[in-house]
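Take a look at the structure below. The report after it visits a few sites in turn.

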Amino acid sequence: MTFSDYFHPIDFSSREKLPTNSPLAKAVELIGSFQSPNVLLKDVQGGNTANHPIPIFHFPTIADNGAFRYNLIPDKLNLPYIMINMNSNDYLMTVAHEMGHAMDHLLKVHFMGSSSVSSTKKIYASEYDIDPLQPWWTAVQQTAAYKQIQAMDLGALAAEPCRSENLLFATRRETFACSFAQFIALKSGDPKFIAHLDARRTSRSGQKDRYWQSADFLSINTTLEHLFSEIGW
Ligand SMILES: [Zn+2]
């Protein structure tokens, strides 16, 4: 099994299929090179072994253009899935960001065991103090972009003290998804994918500080390379 078995971006509810030469297809191919994760699909999915383990659905009206969902209700199908709005200008980054959340979830299963999957609402490895993720988190905290979004969060919390954590950007789970998306975009080397990354880190309203300028990202890139090569993904 390769990692690409987790991601089938051609499985849109609209029946649209990505052309095989699309940048996203290349990204998925690249993700597939993180071969043989030590996680069984049935462990992630509570027994479901559908052909498209983490389907990606086109959902034009979704807020923020994308979401990763995991159903924690034990007696329901625990199928993780990704929803994105394919009509958004920089949808490649949306998919890569949501894939980052999916990857974070799979890392939790990998490092903490499948029995922990539905036992808590914290479904991401990044939400725990796990040694293999410490170098990544240390690197993130030292970046200029992180310090900016942290300041943005503090400003938002000052104006609205009870603001939901879901609306904050400097959390470990959100910075992991952003880190992963930028990592994959850069690795793809695809001009369109890079253009979507550039759109995110320069002009996108409310989002521009979530992604890193090139020099600022180097240390994060190194820690992610190391993390994935260490576990053989
Ligand atoms: Zn996110």
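## A buried serine

The side chains of Ser126 and Asp104 are joined by a polar contact of 2.6 Å. This comes from a predicted model. Ser126 sits in the loop between H3 and helix H4 (134–141). Its relative accessibility is 1%. Buried means under 20%, so Ser126 counts as buried.

What is Ser126 in contact with, leaving aside its neighbours within four places in sequence? The residues are Asp104, Leu133, Trp136, Arg172, Arg173 and Phe176.

His101 lies in helix H3 (residues 91–112) and Glu174 in helix H6 (residues 172–188). They are 73 residues apart, so this pair links distant parts of the chain. Both His101 and Glu174 are buried.

For comparison, the ideal angle for four tetrahedral donors is 109.5 degrees.

## Helix H7

Helix H7 covers residues 191–202, which makes 12 residues. From first C-alpha to last, H7 reaches 16 Å. That is close to the 16 Å expected at 1.5 Å a residue. At the start of H7, a side-chain oxygen of Asp190 comes to within 2.8 Å of the backbone nitrogen of Lys192.

Which residues of H7 are buried? They are Phe193, His196, Leu197, Arg200 and Arg201. Seen down the axis of H7, the buried residues fall within an arc of 130°, so they line one face of the helix.

Technical notes:
Residues numbered from 1 in each chain as written. Predicted model: local features only at pLDDT ≥ 70, side-chain atom pairs only at ≥ 80, totals over all residues. Heavy atoms only, no water. Helix = DSSP H or I, 4+ residues; strand = E, 2+ residues; numbered from the N terminus. Expected span 1.5 Å × (residues − 1). Buried < 20%, exposed > 50% of the residue type's maximum accessible area, 1.4 Å probe, protein only. Arc of directions from axis to C-beta. Polar contact = N/O pair within 3.5 Å; in protein donor to acceptor, adjacent residues only side chain to side chain. Contact = heavy atoms within 4.5 Å.
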